[in-house]
Amino acid sequence: MKALAAVRPRSICSLPPQSLPKSQNLRSQRFRVSSSLIKEPQSEIQAKQEKKGGVMDEVFLNLFRKKMVEEVGWDSGKPGYDGLIEVANRLMLKSPTNSHTKEAAVRILRSLFPPMLLQLYKLLIAPIQGGKVAAIMVARVTAITCEWLMGPCTVNSVDLPDGTSWNSGVFVEKCKYLEQSKCVGICVNTCKLPTQAFMKDYMGVPLVMEPNFSDYSCQQFKFGILPPLPEDDATLKEPCLDICPNATRRREFTRNINVQQCPKA
């Protein structure tokens, strides 16, 4: 029996790959090649999409910063988003009042668009279906083009005062601009109030923005809804953030641990 086992030929399954019949070996190679060709384009497409998003974000950032620098007359030595925040801080410092800051921010927003585009949108699009079409369009454009500034955001539904609802809201998971600036005043005077005014006055779309200063999310953009009067806007009565460096220095100087309203808001 041992002698028979010794001379028994090995099965084809035990043969090494190079010993396989030529037809099977070729099929195996074709399978491996085909599998790699299927996987590689998917990864390449994903990489191209991420690269495209990064390139567009960089374009939007540079354009916005350029317009802000032109308004302020000063630029930071820091690159990228950090430099943008420093320019926003300088805008607050150079303005004698919060109203001046708001007006300057509105001019920056206007400079980002061709004048005729804003006029035509307000004249032709804003009145359609009582403003519904314009509000929904702006919400979608905001969610697509402003993630570089605010972070991840999604379009959602908002309830209108008349009991109806439109898909004209934008929810920001965690506002990068607020988190990086660390300042209620910068959020309110260079973003919330000027954006609300710009949308209503130059695009014909009412907007209310409701920042959440407890977790730095801009809880809701509500396109198509008028903002409250200043005396009724709780945002303008917000205390300084715990992370605000100016507030920390002020508390140390005054030795007052009580939470005070942000002086810039």
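A salt bridge is a side-chain nitrogen of Lys or Arg within 4 Å of a carboxyl oxygen of Asp or Glu. The structure holds 7 of these salt bridges, among them one between the side chains of Lys-78 and Glu-86, at 3.1 Å from N to O. This is a predicted model, in which local features need pLDDT of at least 70, side-chain atom pairs count only at pLDDT 80 or more, and totals for chains, interfaces and linings use all residues. Residues are numbered from 1 along each chain as its sequence is written, and side-chain values use heavy atoms, with hydrogens and water left out.

**Salt bridges**
- Lys-78 is partly exposed at 42% relative accessibility (buried is under 20% relative accessible area, exposed over 50%, partly exposed in between, with a 1.4 Å probe and protein chains only).
- Glu-86 is also partly exposed, at 29%.
- Glu-71 pairs with Arg-107, the closest N and O atoms being 2.7 Å apart.
- Glu-71 lies in helix H2 (residues 22-72) and Arg-107 in helix H4, so this pair ties together parts 36 residues apart in sequence (helices, H or I, at least four residues, and strands, E, at least two, are DSSP runs numbered from the N terminus).
- Lys-192 and Asp-233 form a salt bridge at 3.3 Å, N to O.
- Lys-192 is buried at 1% relative accessibility, and Asp-233 is buried at 7%.

**Thr-195**
- Thr-195 is found in helix H9 and is buried, with a relative accessible area of 17%.
- Not counting residues up to four places away in sequence, Thr-195 touches Leu-109, Leu-207 and Met-209 (contact means heavy atoms within 4.5 Å).
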